[in-house]
Amino acid sequence: MPVINRIAAFAEDMTAWRRHLHQHPELGQQCHETAAFVMDRLREFGVDEIHEGVAVSGVIAIINGQGDGPTIGLRADMDALPIRETTGADWASKNTGKMHACGHDGHTTMLLGAARYLAETRNFKGRVALIFQPAEEVGGGAELMVQEGVLDRFDIRALYALHSAPGTPLGQFYTTPGPLMAAVDTFHVDITGVGGHAAYPHETVDPIPAALSIAQAMATIVSRNHNPLDDLVVSVTMVHAGTADNVVPDTAYVGGTVRTYDKGVQAMVMRRMEEIVAGQAASFGVQGVLRYEVGYPPTINDPDATEFAVSVAREIAGDSGVDANATPEMGAEDFAFFQEKRPGAYLFVGNGDTAGLHQPDYDFDDNAAPYGASFFARVAERALPLNTQ
Ligand code: NI
């Protein structure tokens with residue numbers, strides 16, 4: 001079975017929703033207009049419950065199936081990016097400087113499509129929780145939902161989500177069990193010495209040699225402290241110091257990003273950074289202060305949930321249209337916060353040969369929406385089958 005016929009029949013409606021959302025992008029936790037649009041559609045579909053204001057502007061809707069059973073969660077993100085759009089499309093952003101450059105307009109549309117179908121057909125038992133989440137790009141909307149107790153409040157047993165994938169043929173899927181995307185941390189090192197006249201360096205404590213040493217030593221965490229068979233990125237991306245050719249500055253700054261899949265590796269990096277900053281600072285006689293900010297956790301797909309989701313994707317895309325052992329990526333995704341608490345699977349759905357994510361000329365392909373909506377719908381019907389006790 002490819003796309004569900006009933007969903008294909010209202011594909012034009014999905015295109016209209018998607019283009020409306022694309023014209024009205026909102027950032028971070030402030031997705032109020034998007035949420036209002038989503039709730040208007042959900043009311044039209046006749047879902048059973050709508051809970052608004054979850055994680056500031058998120059929406060959770062419940063559709064009851066036929067008879068008692070567990071609840072599964074289907075999740076879409078709603079927020080856009082602070083990018084000036086260059087697509088020139090008729091439906092381009094009307095909010096200058098904001099743009100749906102990560103396809104979250106498409107994700108929201110695919111989940112709305114599934115909602116319409118599921119509310120109409122109800123070929124499942126138990127409940128489906130439709131999670132429309134703000135603040136995926138920044139602001140940790142999923143973390144906020146977890147903190148607000150959403151998973152317990154709605155008794156959600158497992159969760160599924162999709163992301164648009166430029167470069168993958170339309171309607172094809174890929175994912176992998178286990179680590180799929182990395183944890184993203186940032187680090188900031190503030191170095192304080194004693195500034196002064198550059199002609200009298202002996203009267204200063206120059207922070208620049210310390211900053212350079214710290215930046216170089218950071219690179220050895222990957223090359224010398226780390227098992228080469230595990231995945232790790234440590235990137236120093238900022239070194240700032242000084243304003244004039246004849247002044248020794250009194251401060252310097254080193255910053256960057258760390259990507260990991262494994263908590264043990266992450267802990268090792270944090271420990272080595274503390275040691276490097278303290279040791280290098282002492283050796284140059286400066287003060288060094290490390291701020292290590294733990295960000296989104298790694299996106300770890302539950303093996304059973306992923307096997308199930310892959311079998312659903314194969315129903316839609318065929319065996320050859322699903323890569324079930326894709327290479328993990330060093331990007332990040334806050335769906336990980338849900339997956340820390342419940343089994344979940346995250347998959348990518350092809351967007352065809354388009355510009356990449358977070359690019360000003362990216363656009364979600366409306367022809368992808370029926371595939372994603374069918375995936376979500378079939379996940380619900382097969383995870384919560386009618387014909388069981
Ligand atoms: Ni995204």
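Buried here means under 20% relative accessible area, exposed means over 50%, and partly exposed is in between (1.4 Å probe, protein chains only). The model is predicted: local features need pLDDT of at least 70, side-chain atom pairs count only at pLDDT 80 or more, and totals for chains, interfaces and linings use all residues. Residues are numbered from 1 along each chain as its sequence is written, and side-chain values use heavy atoms, with hydrogens and water left out.

1. Backbone at arginine 122. With a relative accessible area of 18%, arginine 122 is buried. Arginine 122 is not a glycine, yet it has a positive phi of about 50°. Its place is in the loop between H4 and strand E4 (127-133); helices (H or I, at least four residues) and strands (E, at least two) are DSSP runs, numbered from the N terminus.

2. The loop between helix H6 (150-153) and E5 holds aspartate 155. Its relative accessible area is 37%, so aspartate 155 is partly exposed.

3. Nickel site. The nickel ion has as protein donors Cys102 (SG), His104 (NE2) and His163 (NE2), which lie 2.1 to 2.3 Å from it. Donors are N, O and S atoms within 2.8 Å of the metal (3.2 Å for Na, K and Ca); water is not among the atoms, so sites may look incomplete. The spacing of the donor residues in sequence is C-x1-H-x58-H. Cysteine 102 is in the loop between strand E3 (71-77) and helix H4 (104-121), and histidine 163 is in strand E5 (residues 156-165), so the pair ties together parts that are 61 residues apart in sequence. Both cysteine 102 and histidine 163 are buried, cysteine 102 at 6% relative accessibility.

4. Cysteines. The structure holds 0 disulfides, a disulfide being a pair of cysteine sulfur atoms within 2.5 Å. Cysteine 31 is in none, and the nearest cysteine sulfur, that of cysteine 102, is 13 Å away. The relative accessible area of cysteine 31 is 0%, so cysteine 31 is buried.

5. Stacked aromatic pair. The whole structure contains 10 aromatic pairs. Rings of Phe, Tyr and Trp (its six-membered ring) pair if their centres lie within 6.5 Å; planes under 30 degrees apart count as stacked, over 60 as edge-to-face and the rest as tilted. Tyrosine 174 and phenylalanine 348 have ring centres 4.8 Å apart and planes at 15°, so this pair is stacked. The pair links distant parts of the chain, with tyrosine 174 in strand E6 (residues 173-174) and phenylalanine 348 in strand E16 (residues 344-350), 174 residues apart. Both residues, tyrosine 174 and phenylalanine 348, are buried.

6. The ring centres of phenylalanine 335 and tyrosine 346 are 5.6 Å apart and the planes are at 40°, so the pair is tilted. Phenylalanine 335 is in the loop between strand E15 (322-323) and helix H10 (336-339), while tyrosine 346 is in strand E16, 11 residues apart. Phenylalanine 335 is buried at 0% relative accessibility, and tyrosine 346 is buried with a relative accessible area of 0%. Ring pairs join Tyr174, Phe335, Phe338, Tyr346 and Phe348 in a cluster.

7. Charges over rings. The charged end of arginine 19 sits over the ring of tryptophan 91, 3.6 Å from its centre. Arginine 41 lies over the face of phenylalanine 37, 4.6 Å from the ring centre. The criterion is NZ of Lys or CZ of Arg within 6 Å of the ring centre and within 35 degrees of the ring normal.
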